[in-house]
Amino acid sequence: MRLIDLHCDTIWMLTREEGANLRNNCFCVDIEKLKSVGSMAQFFACFIYLNEIASEERWEIGYQLALDMIKRGKVEFATCSDEISLALSYDDMVTNYAKGKLSAFLTVEEGGILNGDLNRLQTLYDEGIRLITPTWNHENCIGYPNSKDEAFMQKGLKLFGIEVVEKMNQLGMIIDVSHLSDGGFWDVLTYSKKPVVASHSNARSLCSHPRNLSDEMIKALADKGGIAGVNFYPYFINKAGKATAEDIAEHVMHMYKVGGEDFIAVGTDFDGFDEGELEIAHMGEIGKLYEAVKRRGLSERQMEKFWSGNAMRVINEVLSTHCG
Ligand SMILES: [Zn+2]
């Protein structure tokens, strides 16, 4: 069954290992593994690892790194152009699929690289970015990240952050609330006129981590037509950091019960973590999750929505705007 994964960090990994490529690698995601599981589209994050950029110039350096990663992604897609193409819209994805090709969507995970300049949003759009995660785990020009500190967690978007939300709506870019503070999450829901995604987040009531979504947040996101991609990072699944396919399925079922069948999606976070124990070793084994969820009683139609249909709907609603 066709699959859409809303988040992986594989392009970032490619930039860290000499000689690695997207067709076939030892990471969790490559084209061969994606093809083996019937992938329709993969969202590839240009992830800025701020922990490694200590200088005051971090946002400028990060912006250049993002542009380099976009270039790298395009080179990889061009090398395998019979199998994968960059998608800029819903129509691109459908066309690629009809040609038997995978679609690659490019995203930026760390909106701080805008560094207060809305024009950069236009540049990133022109370069092919179609989703932005406003924060990673640091405060930036847009807002504040998730935190165990309750007062900090309530901090909302900054004024520039509100402008970013409005401009992303206007351009036709998906806003991703994963990593944001709860205050930022609620502000995005208030200001966005389009559905919003949590590309890689789980249920806080099953695993009490600030990166996960409370039931109240799940309901509100679903009410706005949004979706959440279930994240495989073991420490977002349970405290022990040991996650089987069954454990991940529990999060899916909880998000289904609270948010409904139109809410659930996949956001593996593959190649974005190396801690904990995960039964699903790489993309080629993602069928284990499909089977585990199906065994819990979802119908064919609901499985189809979970695996790709809900993501397709949001891509259609947000990325159909042709602008700029
Ligand atoms: Zn992330």
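Let me start with D5, whose bridge partner in strand β2 is Q42, and please keep in mind throughout that what we are looking at is a predicted model. The strands concerned are β1, residues 3-8, and β2, residues 39-47, and they pair in the parallel sense over 4 bridges. How many of the residues of β1 are buried? The answer is 6 of the 6, so β1 is largely enclosed by the rest of the structure.

Now let us turn to a residue in a loop, H138, which is found between β5, residues 129-133, and α6, residues 150-153. H138 and E110 are 28 residues apart in sequence, while their C-alpha atoms are 8.8 Å apart in space.

My last topic is a pair of helices, α7, residues 159-171, and α8, residues 182-191, whose axes come within 10 Å and cross at roughly 45 degrees. That angle makes α7 oblique to α8, and the crossing in which α7 passes α8 is right-handed. Which residues meet there? From α7 we have I162, V165 and E166, and from α8 we have D187, V188 and Y191. Sorted by class, this contact of α7 with α8 has 4 nonpolar residues, 2 charged residues and no polar ones.

Technical notes
Residues are numbered from 1 along each chain as its sequence is written. This is a predicted model: local features need pLDDT of at least 70, side-chain atom pairs count only at pLDDT 80 or more; totals for chains, interfaces and linings use all residues. Axes are lines fitted to C-alpha atoms, for helices over the stretch in contact, and angles run from 0 to 180 degrees between N-to-C directions. Helices (H or I, at least four residues) and strands (E, at least two) are DSSP runs, numbered from the N terminus. Angles under 35 degrees count as roughly parallel, over 145 as roughly antiparallel, 65 to 115 as roughly perpendicular and the rest as oblique. A crossing is left-handed if the near helix is turned anticlockwise from the far one by less than a right angle, and right-handed if clockwise. Two residues are in contact if their C-beta atoms, placed from the backbone, lie within 7 Å. Ala, Val, Leu, Ile, Met, Phe, Trp, Tyr, Cys and Pro count as nonpolar, Asp, Glu, Lys and Arg as charged, and the others, Gly among them, as polar. A residue is buried if 20 or more other C-beta atoms lie within 10 Å of its own, exposed if 12 or fewer, and partly exposed in between; C-beta atoms are placed from the backbone. Two strands pair if DSSP finds at least two bridges between them.
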